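I opened this model to look up a few side chains and the space between them. The notes below follow the order in which I looked.

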Amino acid sequence: MPFGRGDRAQLQQVLDQLSRLATEVAAVKQQVADQRHTLDQLRHDTTSAINSGLVDIRSVARDTMTGTTDLVAGPLTHVSNEIVAIRSTVTQIDGQLRATACQPTGAPEPAPAADPEPPSHSLPGPDPEPVSSPEAGSETEAEPSTPDAAVLRAAAGIAHAIVEAHRDTWAFLIQTAGNEQHFHIPGKVDDHEGFVSVRFSGPSLVAAITSLNHIAQTAANPVTQAIASHIQQKITTAVHEIITHPSTDGEGKPVRIVIDDRAASADASNTTTAA
C-alpha cells in the first residue's frame with residue numbers, strides 16, 4: 001500500500017485545510033465585492049449630491065444675477081427717463097426765454113410834438129386813424145386746433161399698447177410729452193440695438209397725441225414739426241383702426257404701434273407694376 005493510515009489522516013487534514021482556505025477566500029471575495037459595491041454606491045451618491053449642489057448653486061446664482069439686474073436696470077431706466085424729462089423742461093424754458101428776448105421790451109418812442117401854435121391858415125381836419133402795431137396782429141392769430149375728440153376718447157380706452165421705434169424717436173416723444181399731467185413714463189424700456197419697445201397706457205397715449213399735435217402746429221423749427229406730426233399720425237392711425245374695427249372677443253392683443261417706415265421690397269414693387 002502506498003499510503004498508510006497515518007498518510008491518509010495527514011492527507012485528510014490537508015484537504016480540510018484547503019476546504020477552510022477556499023471558504024475563507026470565498027468570504028474575502030464576498031467582502032471585497034460588498035466593499036466595492038459600497039464604494040460604487042458612495043461614489044454615485046457623492047456625484048449625484050455634487051451635481052445637485054451645482055445645479056442649486058447655478059440656480060441660486062442665476063436668480064441672484066437676475067434679481068440684481070432687475071434692481072439695477074429699473075432705477076437706471078427711471079433715472080434715464082427723468083434725465084430726458086429734465087432736458088425737455090430745460091429746452092422748453094430756453095425756448096421761452098429766447099422768445100421773450102426777441103419781443104420788444106420797451107414802449108414805442110413818442111412822435112415829435114407838434115408846434116404849440118398852428119399856422120392861422122390851417123383848417124381843422126379829421127383825427128388821424130390809429131396805426132396797428134405788429135404785436136396787435138400777432139394776437140389775432142388763430143390758436144392751434146385740437147385733435148379729434150373721438151380719437152382722444154378711443155385712445156383713453158386703450159388698456160395696453162406697445163410702441164416700437166428708434167431710441168431717438170422715443171427720446172423725442174419723452175421730451176414732447178414728458179411734462180404732461182397724464183403722461184406716465186414707463187419704468188421699463190426694452191432696448192434691442194437701438195430699437196426700443198415701450199408699454200403705454202391709454203392716458204399716456206392721449207397725452208402724447210395732444211402734446212405732439214401742439215408741437216406740430218406751434219414749433220418754429222420745421223424739422224420738429226415734421227417729427228411731431230409723423231409720430232402723431234402713427235398713433236392716430238392705430239386708434240382709428242380701433243374705432244373702425246373694434247375687438248369683440250374677450251382676449252384682445254395689445255395695440256402695436258410701429259414707427260419704422262420702409263420702402264416696399266423689389267418683388268412687391270414688380271407685382272404692383274405688373275398689375
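**Entry 1: Asn213**

I am working from a predicted model. I began with Asn213, whose side chain makes a polar contact of 3.0 Å with the side chain of Gln217. I then found a polar contact of 3.4 Å between the side chains of Asn213 and Gln232. Asn213 sits in helix H5, which covers residues 202-218. Is Asn213 buried or exposed? Its relative accessibility is 10%, so I put Asn213 down as buried, the cut-off for buried being under 20%. Which residues does Asn213 contact once neighbours within four places in sequence are left aside? I listed Ser145, Thr146, Pro147 and Gln232.

**Entry 2: salt bridges**

Next I looked up charged pairs. Side chains of opposite charge can pair when their charged atoms come close. How many salt bridges does a search of the whole structure find? I noted 5, and I followed up some of them.

One of them joins the side chains of Arg256 and Glu164, at 3.0 Å from N to O. Arg256 belongs to strand E4 (residues 255-258) and Glu164 to strand E1, so this pair ties together parts that are 92 residues apart in sequence. I checked the accessibility of both partners. Arg256 has 56% relative accessibility and counts as exposed, whereas Glu164, at 15%, counts as buried.

Another salt bridge is formed by Lys234 and Asp261, with the closest N and O atoms 2.6 Å apart. This pair links distant parts of the chain, 27 residues apart: Lys234 is in helix H6 (residues 222-244), and Asp261 is in the loop between E4 and helix H7 (266-274). Lys234 is partly exposed at 24% relative accessibility, and Asp261 is partly exposed with a relative accessible area of 47%.

I also recorded Asp260 with Arg262, a salt bridge whose closest N and O atoms are 2.8 Å apart. I have Asp260 as partly exposed at 31% relative accessibility and Arg262 as exposed at 72%.

**Entry 3: Ala161**

I went back to strand E1, where Ala161 lies. The relative accessibility of Ala161 is 0%, so I counted this residue as buried. What does Ala161 touch, not counting residues up to four places away in sequence? I wrote down Val198, Arg199, Phe200, Leu205 and Val255. For Phe200 I also noted the C-alpha separation from Ala161, which is 4.9 Å, although the two residues are 39 residues apart along the chain.

**Entry 4: the cavity**

Rolling a probe the size of a water molecule over the atoms shows where empty space is left. I found 1 cavity of 30 Å³ or more in the structure. The space in the largest cavity is about 30 Å³.

Which residues line the largest cavity? I listed Val163, Ala165, Thr169, Trp170, Leu173, Val196, Val198 and Ile259. By type, the lining divides into 7 nonpolar residues, 1 polar and no charged. At least two lining residues come from each of strand E1 (161-166), helix H4 (167-177) and strand E3 (195-200). H4 gives the largest share, 3 residues. Val198 was already in my notes as a contact of Ala161, and here Val198 is part of the lining.

Definitions and conventions: Residues are numbered from 1 along each chain as its sequence is written. This is a predicted model: local features need pLDDT of at least 70, side-chain atom pairs count only at pLDDT 80 or more; totals for chains, interfaces and linings use all residues. Side-chain values use heavy atoms; hydrogens and water are left out. On a 1 Å grid over the protein atoms alone, a cavity is a set of points where a 1.4 Å probe fits but cannot get out, and a pocket is an open set with protein on both sides within 12 Å along at least five of seven lines; lining residues have an atom within 4 Å of a point. Grid points are joined across faces, edges and corners, and a volume is the space filled by probe spheres set on the points. Helices (H or I, at least four residues) and strands (E, at least two) are DSSP runs, numbered from the N terminus. Ala, Val, Leu, Ile, Met, Phe, Trp, Tyr, Cys and Pro count as nonpolar, Asp, Glu, Lys and Arg as charged, and the others, Gly among them, as polar. Buried means under 20% relative accessible area, exposed over 50%, partly exposed in between (1.4 Å probe, protein chains only). A polar contact is a pair of N or O atoms within 3.5 Å; within protein, one must be able to donate a hydrogen and the other to accept it, and residues adjacent in sequence count only if both atoms are side-chain atoms. Contact means heavy atoms within 4.5 Å. A salt bridge is a side-chain nitrogen of Lys or Arg within 4 Å of a carboxyl oxygen of Asp or Glu.
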